[in-house]
Amino acid sequence: MSAADVTCTPIRPVAPVGVVDIGSNSVRLVVFDGLRRVAVPLFNEKVLCGLGAGLHHSGKLNPEGRALALETLVRFAGLARAMKVSELDLLATAAVRDAADGPDFVRQVEERTGHPVRVLSGQDEAQLSALGLLSGQPDSAGVMGDLGGGSLELVAVEQGRTNGWVSLKLGPLRLQDEVGSDLRAARRLIDAELAKLDWLDGLEGRDFYAVGGAWRALARLHMEQSRYPLHMVQGYAIDRSEAEEVAKLVASMGRRSLDRLVDLPARRLETLPYAGMLLYRILRKGRPRRLVFSSRGLREGWILDRLSEEERSRDPLLVAVRDWATSDGRFGDLGQEITAWAAPLFPEESEAQARLRLATSHLSDIGWRYHPDYRAEQTLLRILRAQEFCVEHDERAFIGLALYHRYGGEKSKRVLKGPQSLLGSARSKEAEILGRTLRIAYLLCGGAAEMLLRCRLERSAEHLILRVPEDAPVPPGATIEKRLSSLASSLKLSEARVVSDPVA
């Protein structure tokens with residue numbers, strides 16, 4: 001953990017910023033709450049314009065798509081003014097980059113909106129998409145694939161860095177234009193392009209990160225068919241064998257069959273089989289350990305690229321929870337103090353477990369505004385659904401379940417079924433133990449950091465001891481002793497005691 005992660009930076013007022021992605025298939029406006037490490041979308045609107053439809057044969061932008069895109073961009077510029085967006089950046093990708101009339105379209109957009117358009121090169125697009133992935137999953141290791149309508153960007157990523165990239169003209173719209181409904185021809189074309197990428201063979205044992213609307217649609221389809229407990233693409237991960245099955249299935253299905261399985265716009269349904277074919281061939285060639293989906297891509301990468309190196313290096317999870325704790329906690333952010341106080345109970349935790357425990361401790365007072373009868377359940381649901389969190393689903397479930405027990409939630413509640421299924425029994429028990437520990441922390445200190453600094457927890461092979469100085473401003477009581485005993489039972493310790501220590 002870096003020094004930048006340890007220091008809590010206060011929330012600063014920032015003006016909203018907007019990014020427009022002018023893609024081959026869709027045009028999307030996202031307004032973020034500021035130029036910051038964890039920028040949260042305030043507004044998100046997408047229109048499927050199909051700018052790149054027919055480009056392979058005509059060499060020009062689709063006339064109908066061009067008219068709709070221009071109309072949409074004028075609307076987006078007006079929305080940005082109405083929302084008092086401080087900056088609005090228009091980014092154009094493969095279709096505008098490759099079309100003969102792309103420059104004329106750019107000129108027209110700039111005249112009508114009053115904003116300059118930046119036409120990204122293939123390298124720009126690849127690097128920004130990879131930065132978007134890393135903005136939420138900084139420890140990514142493997143290959144990112146960002147699938148747009150007209151191109152596929154593949155980038156090797158390793159511990160926060162990019163290491164090689166390629167932009168392939170294999171977007172679903174382009175494939176559809178080139179081969180029509182001949183999926184065998186699409187497969188030959190895809191395999192011929194992928195065969196040139198020797199480094200893709202080194203993906204085995206690592207992860208493939210899927211970015212882009214078409215692949216997000218595949219994730220949602222898989223979630224619905226498997227009755228998955230969370231409907232959130234960011235951080236959704238499945239084993240390669242399962243991913244191959246769903247990708248191969250989608251690649252073989254027609255529009256009507258897909259329409260019965262998933263609710264998507266007609267234009268997306270038409271190109272979904274090509275997206276499935278691409279994913280299946282990549283998985284077959286690279287043989288990654290897992291397929292991991294990311295909802296963060298080019299737009300988030302554009303935001304991250306504009307920050308300082310120091311700001312970019314900060315852990316997105318810890319940044320998000322500290323901001324949340326500072327704004328919603330009753331007593332300020334006690335996350336560091338609680339984490340240090342509880343450390344003796346978790347002597348063998350890994351670095352990843354320590355990070356999750358710290359994040360959970362920062363969030364341990366965010367549920368106080370809810371009625372006590374609903375506090376545990378509402379806090380759990382809030383964690384499971386919060387878009388600020390850049391974590392995989394099991395980590396989200398762990399934090400939520402720990403906070404559920406921090407607020408004394410009932411073990412028999414039906415709401416626990418989903419998160420417990422993501423964690424398994426052993427990790428669910430770990431979350432319960434952390435939650436019980438956090439519950440004692442607030443009962444002990446009442447929000448006063450001084451008490452946590454002066455009291456000590458000790459754990460031995462058989463005993464759990466809470467040491468409280470004789471001159472402590474808040475003496476322990478029967479409730480603390482009862483909860484300490486309950487925690488000791490969860491830890492499978494035979495005895496719990498509160499010990500009054502003389503003042504040195």
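Which polar contact does the side chain of Ser-24 make with a backbone nitrogen? In this predicted model, a polar atom of the Ser-24 side chain lies 3.3 Å from the backbone nitrogen of Gly-150. Ser-24 sits in the loop that links strand 1 (17-22) to strand 2 (26-32). Its relative accessible area is 5%, and because buried means under 20%, Ser-24 counts as buried. Leaving aside neighbours within four places in sequence, the residues in contact with Ser-24 include Gly-50, Leu-51, Gly-52, Thr-93, Ala-94 and Ala-95. Gly-149, Gly-150 and Leu-173 also touch Ser-24.

Helix 13 spans residues 298-305, and seven of its eight residues are buried. These are Leu-298, Arg-299, Glu-300, Gly-301, Trp-302, Ile-303 and Leu-304.

Helix 6 contains Leu-133, which is buried with a relative accessible area of 0%. Leu-133 and Gly-301 are 168 residues apart along the chain, and their C-alpha atoms are separated by 7.3 Å. Leaving aside neighbours within four places in sequence, Leu-133 is in contact with Ser-140, Met-144, Val-157, Tyr-209, Ser-294 and Arg-296.

Which strands pair with strand 9 in the parallel sense? One is strand 6 (residues 141-147), joined to strand 9 over five bridges. In that pairing, Gly-145 has Ala-210 as its bridge partner. Another is strand 11 (residues 290-294), which runs parallel to strand 9 and is also joined to it by five bridges. Here Tyr-209 stands opposite Val-292.

Phe-208 also belongs to the largest nonpolar core, which has 106 residues. Within this core, Leu-154, Phe-208, Trp-215 and Trp-341 touch the most other members. Not counting residues up to four places away in sequence, Leu-154 touches Phe-208, and its other contacts include Val-143, Met-144, Gly-145, Trp-165, Trp-199 and Ile-282. Apart from this core lies another, of 27 residues, among them Val-27, Cys-49, Leu-88 and Leu-90.

Strand 10 (residues 237-239) contains Ala-237. Is Ala-237 buried, partly exposed or exposed? Its relative accessible area is 27%, so Ala-237 is partly exposed. Not counting residues up to four places away in sequence, Ala-237 touches Arg-290, Leu-291, Val-292 and Glu-392. Ala-237 and Lys-492 are 255 residues apart in sequence, and their C-alpha atoms are 33 Å apart in space.

The next part of the chain has an annotation. UniProt, in an unreviewed entry, lists residues 348-489 as "domain: Exopolyphosphatase C-terminal". Over residues 348-489, the chain is 59% helix and 8% strand, and the end C-alpha atoms are 19 Å apart. Ser-361 lies in helix 17 (residues 351-362) and is buried, with a relative accessible area of 1%. Not counting residues up to four places away in sequence, Ser-361 touches Gly-335, Ile-338, Thr-339 and Leu-438.

Three strands form an open sheet in the order 12-13-14, with mixed pairing. Why does one side of strand 12 (456-459) and of strand 14 (495-501) lack a neighbour in the sheet? Each of these strands stands at an edge and has a single partner strand, so one side of each is left without a neighbour. From one strand to the next, the twist averages 20 degrees. Strand 12 pairs with strand 13 (residues 463-469) in the antiparallel sense, over four bridges. In this pairing, Arg-459 stands opposite Leu-464 in strand 13. Helix 22 (residues 478-490) packs on the sheet and touches strand 12, strand 13 and strand 14. The direction of helix 22 makes about 135 degrees with that of strand 14.

How values were computed. Residues are numbered from 1 along each chain as its sequence is written. This is a predicted model: local features need pLDDT of at least 70, side-chain atom pairs count only at pLDDT 80 or more; totals for chains, interfaces and linings use all residues. Side-chain values use heavy atoms; hydrogens and water are left out. Two strands pair if DSSP finds at least two bridges between them. Helices (H or I, at least four residues) and strands (E, at least two) are DSSP runs, numbered from the N terminus. Axes are lines fitted to C-alpha atoms, for helices over the stretch in contact, and angles run from 0 to 180 degrees between N-to-C directions. Contact means heavy atoms within 4.5 Å. A nonpolar core is a set of buried Ala, Val, Leu, Ile, Met, Phe, Trp, Tyr and Cys residues joined through side-chain atoms within 4.5 Å. Buried means under 20% relative accessible area, exposed over 50%, partly exposed in between (1.4 Å probe, protein chains only). UniProt positions are given in the numbering used here, feature names are shortened, and annotations may be inferred rather than shown by experiment. A polar contact is a pair of N or O atoms within 3.5 Å; within protein, one must be able to donate a hydrogen and the other to accept it, and residues adjacent in sequence count only if both atoms are side-chain atoms.
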